[in-house]
Amino acid sequence: EELRRTEASLLQAQTIARLGSWEVTRPAVGEDISAEQYAWSDEVYRIFGVDKETFTPSRNGFLAAVHPEDRAKVEAAMVRVRASGRPEEVEHRILRPDGTLRHVREHADSIVDGSGQLVRLIGTVHDITDYRQLEEQFLQAQKLESLGRLAGGVAHDFNNLLTVINGYSDLLFQIVSEGDPLRDSISEIRKAGESASALT
């Protein structure tokens, strides 16, 4: 009963965290790598958008779900963890059967027997799609904030120039007499300066 309660708690925790666990049992020495046995927790099935009852985890099934542009990176990480025995981490995208794109972060580690022979790989897959979307929104907000500061700075500098233009056009307007033909031109300069001030 305690074991069942603990397992249920673990599954619930994985669902809440969107963090699934997986295990790969290596084939016997000399057997083809395709004979590896894959086991996924329920959350991994959910992350990959496949049905536990109809989908059998495998190397090919996993790689088929990896976004084509990320596949080489993922395969390279798989080779490294098998060759070195050291933990590996890789972020990549997956394409669910319904066409939905998800971002995941995978961790993998190796288990060796007494002779140092690799017998199992264990790891986790974390759905970080929401985090990536928030990160993109934050970066976009930063870009807009920078653009806003730039626009504010340009407007401030432009207003300084307009102060000079409008000030001198006012002086000229006062100096030039009523009948002078330049008065109409100076008036147009004043109008343009006022319009530019309103625009900024």
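Hi everyone, let me start with a term: buried means under 20% relative accessible area, exposed means over 50%, and partly exposed is in between, with a 1.4 Å probe and protein chains only. What you see is a predicted model, where local features need pLDDT of at least 70, side-chain atom pairs count only at pLDDT 80 or more, and totals for chains, interfaces and linings use all residues. Residues are numbered from 1 along each chain as its sequence is written, and side-chain values use heavy atoms, with hydrogens and water left out.

Let's look at helix 4. Helices here are DSSP runs of H or I with at least four residues, strands are runs of E with at least two, and both are numbered from the N terminus. Which residues of helix 4 are buried? They are Val74, Ala77, Met78, Val81 and Arg82. Seen down the helix axis, these buried residues fall within an arc of 130°, so they line one face of helix 4; the arc is taken over directions from the axis to the C-beta atoms. In general, an α-helix has 3.6 residues a turn, so residues three or four places apart point the same way. Over on the other side of helix 4, Ala72, Val79 and Ala83 are exposed. After the helix comes Gly85, with a positive phi near 75°.

Now some rings. Phe173 has Arg183 over its face, 3.9 Å from the ring centre, and Arg190 also lies over that face, at 4.6 Å. The criterion is NZ of Lys or CZ of Arg within 6 Å of the ring centre and within 35 degrees of the ring normal. Thanks, everyone!
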